[in-house]
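Reader: I am new to reading protein models, and I would like to learn how to go through one feature at a time. Could you show me the structure and begin with the terms I need?

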Amino acid sequence: MLPRSFYHRSTTTVARDLLGKILVHEQNGGRIAGMIIETEAYVGETDLACHAKAGRTKRTAQMYGQPGFAYVYFTYGMHWLFNCVTEDEGFPAAVLVRGVKPLDGIDIIAARRKPIARPQWTNGPGKLCKAFGIHGAHHGTDLCAPNSNLFIEDNDPISDFSVTTSPRVGLNTVPEPWKSMPWRWLVTSNIAR
DNA sequence: GCGACGATGGGCT
DNA sequence: GCCCATCGTCGCA
C-alpha cells in the first residue's frame, strides 16, 4: 500500500509516478486489481480545469483535505470518476485515474462490463469505476488506512521511454493555457496491454 | 474506422 | 437553467 507521503507531493509528480502502480478494491472477499496506465493532474484553484476553480464547496471539500484520500464524483448523469487527493492539506488538488489494465478479479470485471469487449473494460475513467465497483460511497475513503479495502499498491516504476504526455481530455470550454497543459500521462508500451 | 449525438442528474449561478 | 474531468450507439465509409 502506498504511504501518505507518496501522495503528499506535487500533483504532476504523483500523476506521473502512479503509472504502473496497482489499484486494488477488495470487496466480498474478492480482489479486483489493475495496473494504472493513464492519469491526469488537476492542480488548485488557479487551474481553470480543476473543480476547485470555484473555491471550496460541499463537492470539492475533499480536495482540500489530507493527501491520500479518494475524491469520487458523479458526472454526466451516469458516471462515477475516481481521483486521489494530493499535496498539502488546504491546497485543492487531485489525480484522476483514467485507465487501468485488469490483473485480478477478471471474472467480476467481465460480469460488470458485459457485453463490452475486453479492451474497452477499463480504458476510461467512468468505465474503470463501473468495472471496479467504485461509486459515491467511496468518496472520502482513506487510501492509506491499514484496513482500507480501496488502496494503491507499489510496483516497479515505468520508464520514461514508455510514457507519453498530452493535454487533458474533455476540457472543451476551459480557457488557455489550462486547456493545453500537458497534464495527462499514458503508458504507451505493450505492458499496457 | 470515425464523427455526431443523446442519455441523464448533481452542482452551481 | 446551463454546464459538464463520459460512454455507447448510430449512420456512413
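Author: Let us start with exposure: a residue is called buried when its relative accessible area is under 20%, exposed when it is over 50%, and partly exposed in between, using a 1.4 Å probe and the protein chains only. By that rule Asp 17 is partly exposed, because its relative accessible area is 27%. Please keep in mind that this is a predicted model, in which local features need pLDDT of at least 70 and side-chain atom pairs count only at pLDDT 80 or more, whereas totals for chains, interfaces and linings use all residues. Residues are numbered from 1 along each chain as its sequence is written, chains are lettered from A and ligands numbered from 1 in the order in which they are written, and side-chain values use heavy atoms, with hydrogens and water left out.

Reader: Which side chain meets that of Asp 17 in a salt bridge?

Author: Side chains of opposite charge can pair when their charged atoms come close. A salt bridge is counted when a side-chain nitrogen of Lys or Arg lies within 4 Å of a carboxyl oxygen of Asp or Glu. The partner of Asp 17 is Arg 9, at 3.0 Å from N to O, and Arg 9 is also partly exposed, at 28% relative accessibility. The whole structure holds 10 salt bridges.

Reader: Which salt bridge links distant parts of the chain?

Author: One of them joins the side chains of Arg 184 and Glu 38, 2.8 Å apart from N to O. Arg 184 is in strand β8 (residues 184-187) and Glu 38 is in strand β2, 146 residues apart, where strands are DSSP runs of E of at least two residues and helices are runs of H or I of at least four, numbered from the N terminus.

Reader: Is helix α4 enclosed or open?

Author: Helix α4 is largely enclosed by the rest of the structure, because 6 of its 8 residues are buried. Among them are Leu 128 and Phe 132.
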